[in-house]
Amino acid sequence: MKYQRLRNEMVTKQIIARGISDPRVLSAMRKVPRHLFVSEAMMDQAYGDYPLPIGEQQTISQPYIVAEMTQALQLTPEDRVLEIGTGSGYQAAILSHIAFRVYTIERIYSLYVRTRKLFDQLRYHNIVTRYSDGTTGWKEESPFDAIIVTAGAPEIPSVLVSQLAVGGRMVIPVGDRHSQDLIKLVRDPHGIHQANLGGCRFVKLIGEHGWRDQ
Ligand code: SAM
């Protein structure tokens, strides 16, 4: 009850108040128990207006950025979505309420294992997980209707763009190590269109087509 109240408040004060209006996004954010995606010590902070540490120097993103990126993907219930950067699993859980199936990749083994277990416990049966470098995408399952990258890239990996279906949407933070712009790409029959949704700050996307160092 307490967490449901905190969740409703989060949606009203942080998400709707900042202009997010997609009913599917708002409904998913009212449902997913965000406090179960952080450590027990942080549960009471889970609905705050900020990111939180999840171990391994990684973070669960601020609720608003999760909502903004999800809305930008313009998802429908038939869509197959690829996420790079599983982390806590919260973003994937939100996507799983809206889309048909979510494919999510994590490069840190301990996070991958912990989150896979959580998805099983919470019965998120339409989330498929993989432990690998997500900057090369998931060729066997491509093309995807939507791709979301939840770590900051030095540039847009062209291999990910090549795994986007015609009509597909992608969101990715692009910039330097300290700050990025949230870029939205749309692939239509004529080519790729790009828009800048504004500034953001993410941990680094590390891999073959991301940052090379730790
Ligand atoms: N979506 C996550 C959530 O809801 O908690 C946010 C996770 S955090 C901001 C970014 C994650 O991206 C980290 O867990 C990090 O290990 C992962 N990551 C960074 N580079 C990656 C790569 N090349 N492939 C897969 N995951 C990567």
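The legends below describe close-up views of a predicted model. Residue numbers start from 1 along each chain as its sequence is written, and side-chain values use heavy atoms, with hydrogens and water left out.

**View 1. Helix α1 against helix α3.** The axes of α1 (residues 2–16) and α3 (residues 63–72) come within 9 Å and cross at roughly 70°. Helices (H or I, at least four residues) and strands (E, at least two) are DSSP runs, numbered from the N terminus. Axes are lines fitted to C-alpha atoms, for helices over the stretch in contact, and angles run from 0 to 180 degrees between N-to-C directions. α1 and α3 are therefore roughly perpendicular to each other (angles under 35 degrees count as roughly parallel, over 145 as roughly antiparallel, 65 to 115 as roughly perpendicular and the rest as oblique). The crossing of α1 over α3 is right-handed, meaning that the near helix is turned clockwise from the far one by less than a right angle. On the α1 side M10, Q14 and I15 take part, and they meet P63, Y64 and A67 of α3. Contact means heavy atoms within 4.5 Å.

**View 2. Burial of α3.** Nine of the 10 residues of α3 are buried, so α3 is largely enclosed by the rest of the structure. Buried means under 20% relative accessible area, exposed over 50%, and partly exposed in between (1.4 Å probe, protein chains only). The buried residues are P63, Y64, I65, V66, A67, E68, M69, T70 and A72. After α3 comes Q74, with a positive phi near 50°.

**View 3. Helix α2 against helix α4.** The axes of α2 and α4 lie 9 Å apart, at an angle of about 125°. α2 and α4 are therefore oblique to each other, and α2 passes α4 in a right-handed crossing. From α2 the contact takes in R24, V25, A28, M29 and K31, and from α4 Y90, I94, H97 and I98. By class, six of these residues are nonpolar, one is polar and two are charged. Here Ala, Val, Leu, Ile, Met, Phe, Trp, Tyr, Cys and Pro count as nonpolar, Asp, Glu, Lys and Arg as charged, and the others, Gly among them, as polar.

**View 4. The nonpolar cores.** A nonpolar core is a set of buried Ala, Val, Leu, Ile, Met, Phe, Trp, Tyr and Cys residues joined through side-chain atoms within 4.5 Å. The largest has 48 residues, and M29, F37, L73, L75, V81 and Y90 have the most contacts inside it. At least two residues of this core come from each of α1, α2 (23–31), β1 (52–55), α3, α4 (90–98), α5 (109–121) and β6 (144–149). Leaving aside neighbours within four places in sequence, Y90 is in contact with M10, M29, V32, R34, F37, I60 and V66. Another core, of 19 residues, lies apart from the largest one and includes L82, I105, I147 and V161.

**View 5. Backbone details in two loops.** In the loop between β1 and β2 (58–60) is E56, a non-glycine residue with a positive phi of about 55°. E56 has 43% relative accessibility and counts as partly exposed. Q57 lies in the loop between β1 and β2; this residue is not a glycine either, and its phi is positive at about 60°. Q57 is exposed, with a relative accessible area of 76%. In the loop between β5 (127–131) and β6 is P143, joined to S142 by a cis peptide bond with omega of about 5°.

Technical notes
This is a predicted model: local features need pLDDT of at least 70, side-chain atom pairs count only at pLDDT 80 or more; totals for chains, interfaces and linings use all residues.
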